[in-house]
Amino acid sequence: PELSRDEVLSLPRQSPLPLGFVTSGLWPLGISRILAEAVQTEEPYLSPHRESLFVKPYGQNNWIFPGWELDFSKERKELERAGYRIFVTLQERWPKKVHPADRTSNFNWDNQLL
């Protein structure tokens, strides 16, 4: 989901294998093995813009999630026409103390990266 619309839609034409796409759910912003001592897992953290994120441990890794979900449901027909064949929803349990934002994101779909 980090690519722009044009780049995402061009990938199936270039791939010899069928491609899939994550259409909704919590997409991690990052993964780290190291966690600062002050960071508590499954607690909300706010950016200066009041956007939340949280950290969940998985094994030796710490996954950093935004406080909103990915949502490409409006783009699904276009993704199908481009040649995507598998569509996935990521299901992640929200921590009790983290309240999901009222918005979703389609990341850079409407942006030009270069």
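**Exercise 1. Thr23**

Locate Thr23 in the secondary structure, decide whether Thr23 is buried or exposed, and list the residues with which Thr23 is in contact beyond its neighbours within four places in sequence.

*Solution.* The model is a predicted one, in which local features need pLDDT of at least 70 and side-chain atom pairs count only at pLDDT 80 or more, whereas totals for chains, interfaces and linings use all residues. Residues are numbered from 1 along each chain as its sequence is written, and side-chain values use heavy atoms, with hydrogens and water left out.

Step 1: Thr23 belongs to strand 1, where helices (H or I, at least four residues) and strands (E, at least two) are DSSP runs numbered from the N terminus.

Step 2: The relative accessibility of Thr23 is 9%, so Thr23 counts as buried; buried means under 20% relative accessible area, exposed over 50%, and partly exposed in between, with a 1.4 Å probe and protein chains only.

Step 3: Once neighbours within four places in sequence are set aside, Thr23 is in contact with Leu70, Asp71, Phe72, Ser73, Phe87, Val88 and Thr89, a contact being heavy atoms within 4.5 Å.

**Exercise 2. The nonpolar cores**

Identify the residues of the largest nonpolar core, and then name the elements that give two or more residues to this core.

*Solution.* Step 1: A nonpolar core is a set of buried Ala, Val, Leu, Ile, Met, Phe, Trp, Tyr and Cys residues joined through side-chain atoms within 4.5 Å. The largest such core has 11 residues, namely Val8, Leu9, Phe21, Val22, Leu70, Phe72, Leu79, Ala82, Tyr84, Phe87 and Trp109.

Step 2: Two or more residues of this core come from each of helix 1 (5–14), strand 1 (20–25) and helix 2 (76–82). A second, separate core of 5 residues includes Leu26, Phe65, Trp94 and Val98.

Step 3: Among the members of the largest core is Val22, which touches Trp27, Leu70, Phe72, Val88 and Leu90 when residues up to four places away in sequence are not counted.

Step 4: The buried residues in helix 1 are Val8, Leu9, Ser10 and Pro12, and their cover includes strand 1 and helix 2.

**Exercise 3. Asn62**

Which strand holds Asn62, is Asn62 buried or exposed, and which residues does Asn62 touch, not counting those up to four places away in sequence?

*Solution.* Step 1: Asn62 is part of strand 5, which covers residues 61–66.

Step 2: With a relative accessibility of 9%, Asn62 counts as buried.

Step 3: Apart from residues up to four places away in sequence, Asn62 touches Gly30, Ile31, Ser32, Arg33, Ile34, Leu35, Thr41, Val55, Lys56 and Pro57.

**Exercise 4. Salt bridges**

Give the number of salt bridges, and describe the pairs Glu42 with Arg93 and Arg76 with Glu80.

*Solution.* Step 1: Side chains of opposite charge can pair when their charged atoms come close. Under the rule that a side-chain nitrogen of Lys or Arg lies within 4 Å of a carboxyl oxygen of Asp or Glu, the count comes to 7 salt bridges.

Step 2: Glu42 pairs with Arg93, their closest N and O atoms being 3.3 Å apart. Glu42 lies in the loop between strand 2 (30–32) and strand 3 (45–46) and Arg93 in the loop between strand 7 (86–89) and strand 8 (104–105), so the pair ties together parts that are 51 residues apart in sequence. Glu42 is partly exposed at 24% relative accessibility, and Arg93 is partly exposed at 49%.

Step 3: Arg76 and Glu80 meet through their side chains at 2.9 Å, N to O. Being 4 residues apart in helix 2, Arg76 and Glu80 are separated by about one helical turn. Arg76 is partly exposed, with a relative accessible area of 35%, and Glu80 is partly exposed at 29% relative accessibility.

Step 4: Asp6 forms a salt bridge with Arg5, with 3.2 Å between the closest N and O atoms, and a network of salt bridges links Arg5, Asp6 and Glu78.

**Exercise 5. The chain as a whole**

State how many helices and strands there are in the chain, and what pattern the chain follows along the sequence.

*Solution.* Step 1: The chain has 2 helices and 8 strands, and their pattern along the sequence is α-β-β-β-β-β-β-α-β-β.

Step 2: Of the 114 residues of the chain, 34% count as buried, and among contacts with a separation of 6 or more, residues 24 or more positions apart account for 76%.

Step 3: The C-alpha trace spans about 45 × 30 × 30 Å along its principal axes.
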